Amino acid sequence: MKEFKTIEPRATENRKVLMEIEQKTGLNLKLISPQILSRLNMLSNGSEILKDELHAMDLALGFFKFYEKQEFPFSVEEKRTILLGSLLSDIGKTGPSDASEKLSASILNMYKVDKHFNIHTTDIHAFLNEFLNEKQKEYTSALNTININGDMKMSEFFHLHAKWTLDILKRGKGVPYDTIVAAASHHILEGENPAGVIKLSRAAKMVILLDKYDARRRRGMVTHQAAIDWLKDRIEEKTTNTAEKEEFLELILKMDTAFQNSNIYDSGAKINNGEYLG
Ligand SMILES: [Fe+2]
Ligand SMILES: [Fe+2]
């Protein structure tokens with residue numbers, strides 16, 4: 001399979017990144033409000049987060065191309081939801097929509113820490129102490145302004161970004177409703193359902209699967225097969241509705257075929273069981 005092209009976002013190249021996004025999604029970003037775009041810019045400044053989203057978009061484009069000639073049509077709307085949903089799902093890592101610049105930057109810097117630790121046992125206090133020691137005081141007081149305290153577990157803090165994604169996209173303008181729902185639901189398997197979704201669309205399922213596949217492969221550094229097996233286990237374990245489960249598993253099967261020979265990741269066969277939830 002042909003290697004997908006991946007964009008390397010750099011602070012000075014934000015414009016270029018945004019133009020490439022327009023090309024990929026077919027969406028005129030001028031229609032999207034500056035509040036949303038400025039958050040996207042924040043993500044692209046020196047963080048790996050936007051890179052992950054662009055990776056997921058590249059995976060989606062490769063996926064569409066692979067199935068182009070076969071009987072597996074995604075509508076234009078579905079494709080747009082998948083691409084744009086992948087791009088915007090983590091925009092909430094910049095905090096709530098009404099966050100001050102300082103609070104936004106504090107929250108983003110915490111999400112940017114790409115270290116391996118137990119998110120279920122580590123609380124914010126211990127996390128800051130270990131990884132952002134010199135900023136501990138500053139970040140703690142910024143978080144206190146929105147009633148987040150040091151004893152909150154990092155797993156809980158981590159999942160807050162789904163709610164903030166919904167908040168930012170709903171308050172801004174120009175993002176289609178289906179995309180907002182898909183982006184905000186990307187941690188639904190972990191019990192985060194800020195948009196109150198009852199049935200996930202096929203496109204929303206793809207956003208979830210691509211986010212998790214990329215997180216396992218890039219940050220977890222596992223092989224294609226290990227990432228696919230992990231996704232299947234996760235769906236088996238977390239999905240109770242039979243029809244939902246079937247659609248998820250069918251999409252994973254398609255991803256397995258489409259991605260098995262791709263070489264967009266430079267990972268080896270290292271198995272890492274950390275929590276890389278995207
Ligand atoms: Fe996420
Ligand atoms: Fe993500």
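1. Of the 278 residues of the protein chain, 39% count as buried, and it should be kept in mind throughout that this is a predicted model. The protein chain contains 12 helices and zero strands. Among its contacts between residues at least 6 apart in sequence, 73% join residues at least 24 apart.

2. The largest nonpolar core comprises 66 residues, and those with the most contacts inside it are A60, L169, A184, M206, V207, L209 and L210. As general background, nonpolar side chains in soluble globular proteins tend to be buried together.

3. Helix α10, which runs over residues 202-219, has 18 residues and reaches 25 Å from its first C-alpha to its last, close to the 26 Å expected at 1.5 Å a residue. Because 16 of the 18 residues of α10 are buried, this helix is largely enclosed by the rest of the structure. Just after α10, M221 adopts a positive phi of about 50 degrees.

4. Helix α4, residues 76-88, packs with α10 at an angle of about 35 degrees, their axes lying 9 Å apart, and α4 passes α10 in a right-handed crossing. From α4, the residues E78, T81, I82, G85 and S86 meet R202, A203, A204, M206, V207, L210 and D211 of α10. Sorted by class, this contact of α4 with α10 has six nonpolar, three polar and three charged residues.

5. L210 deserves a separate remark, being listed both among the core residues with the most contacts and among the α10 residues that meet α4. When its neighbours within four places in sequence are left aside, L210 is in contact with A56, L59, A60 and S86.

Note on methods. Residues are numbered from 1 along each chain as its sequence is written. Chains are lettered from A and ligands numbered from 1 in the order in which they are written. This is a predicted model: local features need pLDDT of at least 70, side-chain atom pairs count only at pLDDT 80 or more; totals for chains, interfaces and linings use all residues. A nonpolar core is a set of buried Ala, Val, Leu, Ile, Met, Phe, Trp, Tyr and Cys residues joined through C-beta atoms within 7 Å. A residue is buried if 20 or more other C-beta atoms lie within 10 Å of its own, exposed if 12 or fewer, and partly exposed in between; C-beta atoms are placed from the backbone. Two residues are in contact if their C-beta atoms, placed from the backbone, lie within 7 Å. Helices (H or I, at least four residues) and strands (E, at least two) are DSSP runs, numbered from the N terminus. The expected span of a helix is 1.5 Å times one less than its number of residues. Axes are lines fitted to C-alpha atoms, for helices over the stretch in contact, and angles run from 0 to 180 degrees between N-to-C directions. A crossing is left-handed if the near helix is turned anticlockwise from the far one by less than a right angle, and right-handed if clockwise. Ala, Val, Leu, Ile, Met, Phe, Trp, Tyr, Cys and Pro count as nonpolar, Asp, Glu, Lys and Arg as charged, and the others, Gly among them, as polar.
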